[in-house]
Amino acid sequence: MLKEVNATRYLTPLREGGSLPGLVEADDLGTYVVKFTGSAQGRKALVAEIVVGELSRALGLRFPELVLVHFDPATGAHEPHQEVQDLLHASAGLNLGMDYLPGAKDFAPDTAAAFDVDPLEAGRIVWLDALTVNVDRTTHSSNLMVWPTFGIAPPHLWLIDHGAALVFHHRWDLSAPEKAYDFRRHALGRYAPDTRAADAELAPRVTERLLREVLAEVPDAWLELEAGFTTPDEVRDAYVTYLHARVRASASWLPTDFPGGEELAAEDARRAAKTRQGRPNWLKRVPDLHGKPAAEQDWSVHLG
């Protein structure tokens, strides 16, 4: 079962993600990245974090330890930002913490360019993402960390942030377990992921028993009041049924043909050109600030 801890000190908000997690110290002397129940993503994001995180660890992938964090908003009374205070006050009680990896580096494109990933390891991660319908491990948002980054131990890939996975639990009646997975822009596509070998290795291990053990880690309170279900155990059964059916249908969704870097660059160029065509002239002069293909810039307006 997931360990339960009490938050003793709220350190700082982490603004890299949309859920506004916070760095928190706890009474077990650990430091955790805490995702709060009061965030805009809601409790289903925390359910996805537990299900995918614990499943990944059971399959031998690197994922930081998860804990259940009892949080008192008074712990963060010193926080000056009102939006953060509102979040903390909306999150009194049980929240989800992930072990903090000090010094870890984001697997951003510049890091990825100098980091070698074994095709089988890449295949295992892609396979897990395809199984759990994780839509948020892309070249622009990898949700992968490299750790450790100092000392003599070799660096490894660590999986984080699975709140956007399990998209089927937002519309239970509209998602088929055999549905294909859009993998074209997966963060590890450039490493020739060996998904066939990963499927042969991992699929037999994702049993109904394992899935039930993973779902047992999700607190009842995060499964209550789910539309169409009467009890938390009924919701757990639905997750188990869907994921067990999906793993048995892996032949229908297994990603195998990954586009190369040149093909993706060409797609980006076509998309940028199409976007520029649809913009009014004044907008074509606005510089891009969000890492997307740059807008056309007309500096003549500044030169007379």
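Predicted model: local features only at pLDDT ≥ 70, side-chain atom pairs only at ≥ 80, totals over all residues.

Analyst: Let's start with helix α1, residues 43–58, and helix α6, residues 208–215. Their axes come within 9 Å and cross at roughly 130 degrees. Angles over 145 would count as roughly antiparallel, so α1 and α6 are oblique to each other instead. The crossing of this pair is right-handed. On the α1 side, the residues involved are Ile50, Val51, Glu54, Leu55 and Ala58, and they meet Leu210, Leu211, Val214 and Leu215 of α6. Sorted by class, that contact between α1 and α6 has eight nonpolar residues, one charged and no polar.

Now for helix α4 (residues 119–131) and helix α5 (residues 195–202), whose axes come within 8 Å and cross at roughly 65 degrees. That makes α4 and α5 roughly perpendicular, because this class runs from 65 to 115 degrees. Here, too, the crossing is right-handed. From α4, Leu120, Gly123, Arg124, Val126 and Trp127 meet a set in α5: Thr195, Ala197, Ala198, Asp199, Glu201 and Leu202.

Along with Phe107, Leu157, Leu166 and Leu188, Trp127 touches the most other members of the largest nonpolar core, which has 63 residues. Apart from that core lies another, of 15 residues, including Val24, Val34, Phe36 and Val84. As background, nonpolar side chains tend to be buried together in soluble globular proteins.

How values were computed: Residues numbered from 1 in each chain as written. Heavy atoms only, no water. Core = buried A, V, L, I, M, F, W, Y, C linked by side-chain atoms within 4.5 Å. Buried < 20%, exposed > 50% of the residue type's maximum accessible area, 1.4 Å probe, protein only. Axes fitted to C-alpha atoms, helices over the stretch in contact; angles between N-to-C directions. Helix = DSSP H or I, 4+ residues; strand = E, 2+ residues; numbered from the N terminus. Parallel < 35°, antiparallel > 145°, perpendicular 65-115°, else oblique. Left-handed = near helix turned anticlockwise from the far one by under 90°. Contact = heavy atoms within 4.5 Å. Nonpolar A, V, L, I, M, F, W, Y, C, P; charged D, E, K, R; others polar.
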